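Here's a friendly walk through one structure, told in questions and answers. Have a look at it, then let's ask what stands behind the labels.

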Amino acid sequence: MLSFECDYSEGAHEKVLARLLETNMEQLSGYGSDKYCEQAKEKIRMACGCPDAQIFFLMGGTQTNEVVIDAMLQSYEGVVAAKTGHVSVHEAGAIEHSGHKVLTLPEYQGKMDAEDLESLLSEFWSDENHEHMVFPGMVYISHPTEYGTLYSEEELKKLSGVCRRYKIPLYMDGARLGYGLMSSETDVTLPKIAEYCDVFYIGGTKVGALCGEAVVFTKRNMPVHFLTIVKQHGALLAKGRVLGIQFDTLFTDDLYFKISRHAVEMAEYMKSGLLKKGVRFYLESPTNQQFIILENSEMEELGKRAAFSFWEKLDEEHTVIRLATSWATKKESIDRLLELF
């Protein structure tokens with residue numbers, strides 16, 4: 001059975017596993033205070049071109065979004081997101097569960113538009129009843145988006161400009177950040193993200209780690225007593241070394257970027273093969289997630305031989321599915337997949 005269901009089907013990159021084994025019997029301090037966490041943080045600061053960045057390691061994406069958003073918002077504030085944003089759709093109401101509303105805006109292939117954001121904020125503050133409303137306290141975007149699309153540097157700059165005018169933070173979900181950074185069609189770099197975003201995270205779970213996300217506060221703006229807040233959420237890992245060692249390895253010799261580029265190259269190879277087979281694409285994605293349109297009967301047949309993600313019903317006869325490559329995808333697997341079309 002072939003699997004292109006997601007980019008976290010495999011365990012972890014062999015170098016990550018080897019490093020975990022090599023350090024296994026070392027006795028280290030807990031809660032992220034060990035030397036490997038410090039080494040990883042310094043390497044991430046260098047990669048971001050942000051020497052003053054404050055970094056904290058958490059376990060998974062939904063946990064990271066919920067903890068960061070709750071920590072940065074006041075009790076009366078909500079977070080603004082595109083209606084297709086992960087916090088809006090696929091996090092089981094985690095943000096609302098923490099007491100904060102998700103305020104949604106229209107999406108354009110997964111992306112938020114700066115003009116829409118400006119309008120929402122302007123209308124809120126000009127409403128004489130705004131004291132009775134949920135305050136827009138921060139802005140959430142994902143890069144790549146849930147549709148595999150990417151923000152340009154100019155788009156990030158505009159969103160950042162709006163946020164700064166209204167004095168609210170811009171937060172980027174980077175669950176698949178490596179795959180966005182290594183796309184051949186991007187002009188966005190880690191230093192640019194650190195420049196325009198107030199906080200973002202570098203995803204490890206989907207990019208070669210067993211688990212883990214690195215939260216980067218770029219403006220010396222980590223909430224006071226953030227570790228304590230993390231613990232209140234049940235998200236503080238006693239064996240913080242597990243995360244530090246993995247990120248230390250991923251950010252040694254550009255491993256994170258090399259394996260991310262591999263996933264994008266495999267997606268491009270798959271896309272080329274599917275186009276030659278006459279397969280229709282739902283949209284143009286320059287990253288590791290590819291969305292194709294199949295007749296329902298074709299989808300059922302493909303499902304007998306390969307795993308994929310249902311995305312949405314296009315109409316009564318057609319369905320959009322997602323095929324995802326990863327750092328571990330082999331060319332031979334894609335060749336076998338193409339034979340099924």
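The residues that line the second largest pocket split into 13 nonpolar, four polar and three charged. Keep in mind that this is a predicted model.

Q: Where is the centre of the second largest pocket, going by the residues nearest to it?
A: Look for Tyr 31, Gly 32, Lys 41, Ile 55 and Phe 56, which lie nearest the centre among the 20 lining residues. The space in this pocket comes to about 240 Å³.

Q: Which element gives the most to the lining of the second largest pocket?
A: That's β2, with five residues. Both α2 (35–48) and β2 (54–58) supply at least two residues of this lining.

Q: What makes up the lining of the largest pocket, by class?
A: Here you'll find six nonpolar, 11 polar and eight charged residues. The volume of the largest pocket is about 400 Å³. Of its 25 lining residues, Tyr 8, His 86, Arg 176, Lys 206 and Arg 322 are the closest to the centre.

Q: Which element supplies the largest share of the lining of the largest pocket?
A: α3 does, with three residues. At least two lining residues come from each of α3 (61–72) and β12 (309–313).

Q: Which residues line the largest cavity?
A: Ala 82, Gly 85, Gly 110, Met 112, Tyr 140, Ile 141, Ser 142, Glu 146 and Tyr 151 do. β5 gives the most to this lining, with three residues. By class, the lining holds five nonpolar, three polar and one charged.

Q: How do you know that β5 and β6 pair?
A: Two strands count as a pair if there are at least two bridges between them. β5 and β6 have four bridges, in the parallel sense, so they pass that cut-off.

Q: What lies opposite Met 172 in β7?
A: Phe 200 does. β6 and β7 (residues 199–203) run parallel and are joined by two bridges; at least two are needed, so they count as paired.

Q: Which way do β7 and β8 pair, parallel or antiparallel?
A: Antiparallel, over five bridges. Phe 200 turns up here too, with Val 216 as its bridge partner in β8.

Q: In what order do the strands of the seven-stranded open sheet lie?
A: The order is β2-β8-β7-β6-β5-β3-β4, and the pairing is mixed.

Q: Why are β2 and β4 called edge strands?
A: Each of them, β2 and β4 (102–105), pairs on one side only. As for the sheet they belong to, neighbouring strands are turned by 25° against each other on average, direction ignored.

Q: What makes both faces of β6 covered?
A: Leu 170 and Met 172 on one side, and Tyr 171 and Asp 173 on the other, are all buried. Buried means under 20% relative accessible area. In a regular strand, side chains alternate between the two faces of the sheet.

Q: Why is Asp 254 called partly exposed?
A: Asp 254 has a relative accessible area of 47%. Buried would be under 20% and exposed over 50%, so the value falls in between. Asp 254 is in the loop between α11 (241–250) and α12 (255–276), with a positive phi near 60° in a residue other than glycine.

Q: Which residues does a cis peptide bond join?
A: His 143 and Pro 144, with omega about -5°. Pro 144 lies in the loop between β5 (135–142) and α7 (153–165).

Note on methods:
Residues are numbered from 1 along each chain as its sequence is written. This is a predicted model: local features need pLDDT of at least 70, side-chain atom pairs count only at pLDDT 80 or more; totals for chains, interfaces and linings use all residues. Side-chain values use heavy atoms; hydrogens and water are left out. On a 1 Å grid over the protein atoms alone, a cavity is a set of points where a 1.4 Å probe fits but cannot get out, and a pocket is an open set with protein on both sides within 12 Å along at least five of seven lines; lining residues have an atom within 4 Å of a point. Grid points are joined across faces, edges and corners, and a volume is the space filled by probe spheres set on the points. Ala, Val, Leu, Ile, Met, Phe, Trp, Tyr, Cys and Pro count as nonpolar, Asp, Glu, Lys and Arg as charged, and the others, Gly among them, as polar. Buried means under 20% relative accessible area, exposed over 50%, partly exposed in between (1.4 Å probe, protein chains only). Axes are lines fitted to C-alpha atoms, for helices over the stretch in contact, and angles run from 0 to 180 degrees between N-to-C directions.
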